[in-house]
Amino acid sequence: MATFLYKLGRLSFRRRRYVALLWVLLLGGIGYASSAAPAPPADSFSMPGTDSQKAFDLLDERFPAASAEGATARVVIRAPEGEKITDPAAKAEVSQLVAALGTGPQVAGVADPFKANAVSKDGTTAYASVTYKVISTELTDKTHDALTDATDKTRAEGFTVETGGDAVQADQEMGGSAELIGIAVSAVVLVITFGSLIAAGLPLLTAIIGVGIGVSGIAALGSVLNLSGTTSTLAMMIGLAVGIDYALFIVSRYRAEIAEGREPEEAAGRATGTAGSAVVFAGLTVIVALAGLSVVNIPMLTKMGLAAAATVAIAVLIALTMIPALLGFAGRRALRRKDRKNLKSPDSTDSRATKARGLTKPGATHSTTNAENAKPNLGTRWARLVLRRPVTVLLIGVLGLGAVAVPATSLELGLPDEGTSAPDTTQRKAYDLLSESFGAGFNGPLMVTVDTLGTKDAAAAAKTVGTSLAKVDGVAAVTPASVNPAGDTAIITVVPTTGPSDHRTEELVKTIRSKASGLEADTKSDVLVTGQTAMTIDFSQTLDDALLPYLGLVVGLAFLLLMLVFRSVLVPLKAALGFLLSVAAALGAVVAVFQWGWLADIVGVDQPGPIMSMMPIFMIGVVFGLAMDYEVFLVTRMREAYVHGARPAEAVVTGFKHGGRVVGAAAVIMISVFSGFIMENDDMIKMMGFGLAIAVFFDAFVVRMAIVPAVLALLGKAAWWLPRWLDKLLPNMDVEGEKLHKSLAPSLSPAVEHGHKDGDNDEEERELEPVRG
């Protein structure tokens, strides 16, 4: 692979104008296609195979006028202090409000509180349910305005009026700034890392082009593949982060090759052959993790995962072709001005003939190399520190992450509801008014469908079902059944005594479903439970059932990929275990902030509550791919040094010497990109951004920078052990470029080609002697 990518890098360098033009034309063409394509479909949520989804599909078929999946609004009205909502004047005002709500655009119907028995026992509060013909994302501004105008008019008469439901337009104080924040921080980090505006600009430019192509492609295919507007959220988040990182590693390797005296074209080829190989396998691990979300069997997650995986694939292709092409335009200007001056000095360059072959003279040293030997960089000093105290570093890292992971043991899963909204929002006020006046269960009623399978006695069957369910513990009320015109299907509303996020409500749903088999036999009908609360419960259960298969699939495939990369059994095993530790710690941090409320004001959490049901499986998918990025980039350089003759401890130092600074910069960039999403107003996006940012921090700076070198130091040569039978079985992908180096320097020993000769590192070898394998 390294040889093929080496040739691809040199070809892209030589044909840089055509390669750059091709990507620009591709961006323009897909951008035009996205602008001309029909508007993407609205967000839809479905869970094939679950009881709640079957019931929703049944309601769509048998009650088309009821708009089962349409948006809803609950308008809660409380009479002025000392008055009753049932007083004649108040009743007349409520009737006017109901009439005004019914005349709004896109309204399917309004339930009058006095006819629907929606008045509290103390007579002070009532609520009207408004049903719309379309889902919430398809509601127009006129519809929202009509709802607001109607409630404001009643509120002006002295009534307390608050509105909840998915038809209520959420306040959007911020939005769209996350990407700009991430790009701005990334630009600063790149300038500091490279010390060159040109080198810093290349990763940003290619990442923006890659994300532009990916997101535009999603928009262009939205109507064809039924991709909603939110499908691109994950693609934008991941694509921007990995796009910058992949380009960063190739540009960094190119600068290192130039510093060793190679011509720009040769340096671009070698950088693409070596760092590019790591990019390919790092990208594959991310793609596997994202595409693996398909096994969860939730269409929304499948589409988000596949769209993000496609964007990552584009980022890999751009890094392998467009980066070498742009380096062809930049040449030596990708280096800092000081380094360019050093290259011009007579003692820092090889002969013209030697450079033309891309080789370094045996024993030759350069001013930059001498400077590095005179003053080891931070990565070298850190690696030596860890190698001197591997057990101490390992214990501190593992115990520290273990302590942070403790809150994860009290993880409570659910989906955000209006009870977790900010206290000053109308949704939260409506939620509290309903809980106070009617009971917590009125915020999450259950819908029970009774399908008589073609017979016309749905009313009688529903009456039997309703009478039985009213006796179940945890049921506060059962409303009379609504029967469809055909008379073969009925809907019963069951109000629990507990709130929608209460664990006892989940138990109630299970109890009703367990009784359904007996009721079906008695009434010769099909009884299903649905509603928003039941959908949330089924969603959580679906994710729980898919977690272990998904984890096994992703970790198993990635393990095989890493065995191909490192030709080792223990290194991939260590990588997987380290990932699990960092994810557990990240989940612990998410629980502490979003569930317990620690640092809630700083992060912007208005109301602590359950963690989103999709968060664990989502973090496993995304973070695993990103964690393997750092594993591949850092340990590949160690493997390269080991294959070329370095001892195990020396290889660790070499990996940090050349890759520590770049991996650290890449991690800071990715953290900044994800952290920008914490400032979004959407609770789901905020939690995703925080979880991914903290997970990258733990994995990059604790697991990969501390635990990995400590474990490798303790394992020694055993870290690179691979059974002979397995070594023969696995194809040699030559990720570390061993074959490439041999083909380019057949007459030079690995040590000389690596830039040193025996005796160069005596002091370093004495320091590392105690930890050698």
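This is a predicted model: local features need pLDDT of at least 70, side-chain atom pairs count only at pLDDT 80 or more; totals for chains, interfaces and linings use all residues.

Q: Why is L553 called partly exposed?
A: The label covers values between 20% and 50% relative accessible area. L553 has 34%, so the label partly exposed applies. L553 is part of helix α20, which spans residues 532-566.

Q: How do you know that α10 and α20 are roughly antiparallel?
A: The axes of helix α10 (residues 264-291) and α20 cross at roughly 170° and come within 9 Å. Angles over 145 degrees count as roughly antiparallel, so the pair gets that label.

Q: Which residues of α10 and α20 meet?
A: From α10 come F281, L284, T285, V288 and A289. On the α20 side they meet Y550, V554, L557, L561, L564 and V565.

Q: Why are α4 and α5 described as roughly antiparallel?
A: Two packed helices are described by the angle between their axes and the distance between the axes. For helix α4 (residues 88-102) and helix α5 (residues 141-155), the angle is about 170° and the axes are 9 Å apart. The cut-off for roughly antiparallel is over 145 degrees, and α4 and α5 therefore qualify. E93, L97, A100 and L101 of α4 make the contact with L147, A150, T151 and T154 of α5.

Q: What makes the pair E265 and R10 a salt bridge?
A: Side chains of opposite charge can pair when their charged atoms come close. The limit used here is 4 Å between a side-chain nitrogen of Lys or Arg and a carboxyl oxygen of Asp or Glu. In E265 and R10, the closest N and O atoms are 3.0 Å apart, so the pair counts as a salt bridge. E265 sits in helix α10 and R10 in helix α1 (residues 2-14), so the pair ties together parts that are 255 residues apart in sequence. R10 has a relative accessible area of 23% and is therefore partly exposed.

Q: Why does the pair K574 and E631 count as a salt bridge?
A: The closest N and O atoms are 2.5 Å apart, which is within the 4 Å limit. The pair links distant parts of the chain: K574 is in helix α21 (residues 570-595) and E631 in helix α23 (residues 615-643), 57 residues apart.

Q: How do you know whether K574 and E631 are buried or exposed?
A: Buried means under 20% relative accessible area. K574 has 10% and is buried; E631, at 1%, is buried as well.

Q: Why do D502 and R504 carry the labels they do?
A: They form a salt bridge with closest N and O atoms 3.0 Å apart. D502 has a relative accessible area of 25%, so D502 is partly exposed. R504 has 57%, and the cut-off for exposed is over 50%, so R504 is exposed.

Q: How many salt bridges does the structure hold, and which residues are linked in a network?
A: The structure holds 25 salt bridges. R253, E257, E260, R262, R637 and E640 are linked in a network of salt bridges.

Q: Why is S232 called buried, while S129 is called partly exposed?
A: S232 is at 13% relative accessibility, under the 20% cut-off, and so counts as buried. S129 is at 28%, which falls between 20% and 50%, and so counts as partly exposed. S232 is in helix α9 (residues 231-259), and S129 is in strand β3 (residues 125-132).

Q: What share of the chain is buried?
A: Buried residues make up 54% of the 773 residues.

Definitions and conventions
Residues are numbered from 1 along each chain as its sequence is written. Side-chain values use heavy atoms; hydrogens and water are left out. Helices (H or I, at least four residues) and strands (E, at least two) are DSSP runs, numbered from the N terminus. Buried means under 20% relative accessible area, exposed over 50%, partly exposed in between (1.4 Å probe, protein chains only). Axes are lines fitted to C-alpha atoms, for helices over the stretch in contact, and angles run from 0 to 180 degrees between N-to-C directions. Angles under 35 degrees count as roughly parallel, over 145 as roughly antiparallel, 65 to 115 as roughly perpendicular and the rest as oblique. Contact means heavy atoms within 4.5 Å.
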